[in-house]
Amino acid sequence: MSTTTPRRDRAKQAKPATTQTLKPATPGTSQTASGRHSQRWLAWIFLAPTILGMGLFTLVPIVASVVLAFFRWDIISAPTFVGFDNFAEVVQDPTVRVSFLNTIVFVIVAVAFQLGLALALAVMVQEKMPAWLRTFFRSAFFFPLILSAASVSIFMRYLFNEQFGVVNWFLSFAGIPAVPWLTTPGGSAAVVILVYVWQNFGFSFLLFIGGLASIPAETYEAASLDGATGWRKHTYVTLPLLSPTTLLASVMAIISALQVFDQPYVLTRGGPGDSTRTAVMVIFESAFQRLEFGQASAIGVILTLIIMAITAAQFRLSKRFVFYQ
Amino acid sequence: MTTTTERVSTRTPAVPARTRRKPNWNLVLRVVLLMIAAVLTLGPVMWTLSTSLRSPSESFKLPPSFFPWNPDFTSYTQVFKQLDIVILVLNSALVTGLIAVGQMVTAAMAGYAFANLKFRGRGALFSIVLATMMVPVQVTIVPVFMLIRGMGLSDTLLALILPAIPTAFGTFLMRQYFLGLPADLAEAASIDGASPWRTFRSVYAPLAVPGMAIVGILAFNFHWNEFFRPLIMTISERNFTLPLGLVSLQGNLGTGSISVVLAGVVLSMIPALVVFIFGQRALQDGLTAGSGK
């Protein structure tokens with residue numbers, strides 16, 4: 001905001017004749033020290049609700065969460081300091097381990113699927129086509145994003161029902177016998193991934209559409225003059241020029257997939273066994289079902305560290321592989 | 001986003017000099033593939049709608065229904081009997097509405113301060129606000145739960161509303177929005193002798209309404225659909241929000257009356273649908289905001 005000062009000086013210099021006559025009429029307006037003073041006051045008043053609210057409901061809880069990870073506390077009795085015990089227990093707990101492993105597998109499969117699908121659809125939509133068709137496809141792929149993950153999981157649970165589900169009904173025409181979707185570990189994991197990607201690919205799709213639109217047409221003209229067609233055009237022009245968008249889309253997709261909760265909670269409650277239990281489900285269960293708030297915080301701290309590490313790693317990688325114009 | 005569409009339209013004539021000569025098989029193939037994707041995307045929603053309009057005893061029978069040819073509204077009357085859906089809708093509306101209004105007001109104020117007002121520590125403070133966006137709700141939920149309990153607000157709607165009002169993303173959006181408005185306006189206002197407050201009130205606040213609408217629509221869409229926080233913060237059913245109520249209804253009814261549960265799901269979709277129809281552009285712009293730079 002250093003730019004405002006010269007601008008004000010300019011305003012003063014611009015009309016030297018009028019200021020002389022105006023000055024007595026408007027003494028001490030915002031140009032002066034008292035003006036800057038009142039700006040500062042207004043700034044703090046305007047910031048107060050946001051800053052206080054964030055301090056209370058985000059910053060204090062972050063600190064509290066880290067502190068709590070070193071205590072054993074069930075809310076009822078007084079908390080006791082246990083050092084790194086919570087971390088040690090959590091790391092050895094088979095349920096926690098399986099849940100983190102599930103989450104990592106889920107993130108890899110779901111994000112690859114989501115980005116691949118979104119990119120393919122975005123490229124197909126952005127090439128020449130009637131405008132109304134393009135609008136229709138864009139709206140259709142965007143639509144699932146406005147629904148609640150809980151509601152989506154409710155109706156998807158019926159669609160994937162083994163006996164009367166619509167999915168198995170369609171598969172029966174291809175001669176595939178009824179798939180036990182929600183009663184086997186593999187089936188449940190597949191459903192959670194499919195339902196998650198179904199709802200979220202539209203977001204990556206929108207990012208890719210924006211990225212594709214920003215690739216200048218001249219680049220394609222130059223490429224086709226050089227004889228690039230079809231696939232080669234995409235591998236040599238689209239993909240490299242799209243890499244900043246791809247990085248952004250993958251960071252956002254990975255971070256949100258790491259926090260998956262609603263879909264597995266409603267679809268499978270983490271089962272059968274622990275096959276679809278995720279990291280956030282374990283936080284939820286150890287805090288609000290087993291009342292082990294210290295352990296829940298320890299798991300939360302580990303999850304946050306993983307999220308931060310992945311974000312940092314991706315931006316590192318980007319320096320090597322992302323092509324900026 | 002308006003600039004995006006302009007760029008699209010200027011680009012399109014340039015690409016397909018090649019495709020125009022041959023019969024356009026490229027376009028046909030693409031449209032067929034995209035249609036399959038669109039059917040798979042919209043199909044489950046069509047099934048939900050038309051199954052909610054079958055009678056409860058018919059609802060699980062195959063073949064499935066994808067178009068409500070003979071709508072039967074029994075499930076809709078049933079869902080009102082099975083579930084205190086009026087309370088759920090009121091709770092959801094109250095929670096979502098107050099969060100949206102609260103976010104619009106506080107984000108506009110904070111965004112304006114970060115964009116147009118001078119004070120010491122502005123850059124550092126803004127970085128802190130941005131950094132809080134990286135912390136997932138699930139990680140802070142335990143201390144927030146304790147805090148709410150300490151404030152005597154556990155199992156109230158305020159427990160859902162208050163922590164959701166301060167918004168880092170909304171503040172970021174509004175700051176960008178104010179930075180996009182011409183700075184000459186402030187200059188002109190201060191030459192006319194307007195105080196910083198007058199400048200905001202009479203010049204910038206009216207211009208900020210479209211930006212605030214984006215913040216409001218995003219907040220509405222997110223919190224209307226929210227499941228995790230209500231699951232933790234509310235205990236008694238009279239404080240449930242819609243998604244929570246519907247999930248517990250599905251649990252209570254098992255697989256007996258699909259159509260009743262689906263009627264509830266369809267009812268819960270209506271406000272989101274209204275937002276989709278009237279605010280799709282704003283939603284898309286808001287969701288992808290920040291990806292530009």
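## A first look

Leaving out neighbours within four places in sequence, Phe205(A) is in contact with Ala118(A), Leu121(A), Ala122(A) and Phe141(A). Please keep in mind as you explore that this is a predicted model. The points below start with the core around that residue and then turn to the chains, their helices and a loop.

**The nonpolar core**

- The largest nonpolar core has 154 residues, and Phe205(A) and Tyr112(B) are the ones that touch the most other members.
- This core lies between domain 1 (13-75) and domain 2 (83-253) of chain B, because both domains give residues to it.

**The two domains of chain B**

- Chain B is divided into two parts, with domain 1 covering 13-75 and domain 2 covering 83-253.
- Taken over C-alpha atoms, the centres of domain 1 of chain B and domain 2 of chain B are separated by 36 Å.

**Chain A as a whole**

- Chain A contains 14 helices and 2 strands.
- Chain A has 325 residues, and 39% of them count as buried.
- Take the contacts in chain A between residues at least 6 apart in sequence: 69% of these join residues at least 24 apart.

**Where the chains meet**

- Helix α7 of chain A runs over residues 149-159 and is mostly covered, with 11 of its 11 residues buried.
- Among the buried residues of α7(A) are Ser151(A), Ser153(A), Arg157(A) and Tyr158(A), along with Val152(A) and Ile154(A).
- The axis of α7(A) comes within 11 Å of the axis of helix α3 (residues 25-52) of chain B, and the two cross at roughly 85 degrees.
- Phe155(A), Met156(A) and Leu159(A) make the contact from α7(A), while Pro44(B), Trp47(B) and Thr48(B) make it from α3(B).
- By class, the residues in this contact of α7(A) with α3(B) are 5 nonpolar, 1 polar and no charged.

- The buried residues of α13(A) include Val280(A), Ile283(A), Phe284(A), Ser286(A) and Ala287(A).
- Helix α5 (residues 94-126) of chain A packs with α13(A) at an angle of about 150 degrees, and their axes are 8 Å apart.
- In this pair, α5(A) uses Thr95(A), Val96(A), Ser99(A), Phe100(A) and Thr103(A), and α13(A) uses Ala279(A), Met281(A) and Val282(A).
- The residues of the contact of α5(A) with α13(A) divide into 5 nonpolar, 3 polar and no charged.

- Where does Phe119(B) lie? Phe119(B) is in the loop between α5 (85-116) and α6 (122-131) of chain B.
- Phe119(B) has 18 C-beta neighbours inside 10 Å, so Phe119(B) counts as partly exposed.
- Not counting residues up to four places away in sequence, Phe119(B) touches Arg40(A), Ala43(A) and Trp44(A).

Note on methods. Residues numbered from 1 in each chain as written. Chains lettered and ligands numbered in written order. Predicted model: local features only at pLDDT ≥ 70, side-chain atom pairs only at ≥ 80, totals over all residues. Buried ≥ 20, exposed ≤ 12 C-beta atoms within 10 Å, placed from the backbone. Helix = DSSP H or I, 4+ residues; strand = E, 2+ residues; numbered from the N terminus. Contact = placed C-beta atoms within 7 Å. Axes fitted to C-alpha atoms, helices over the stretch in contact; angles between N-to-C directions. Nonpolar A, V, L, I, M, F, W, Y, C, P; charged D, E, K, R; others polar. Domains from an automatic or database assignment. Core = buried A, V, L, I, M, F, W, Y, C linked by C-beta atoms within 7 Å.
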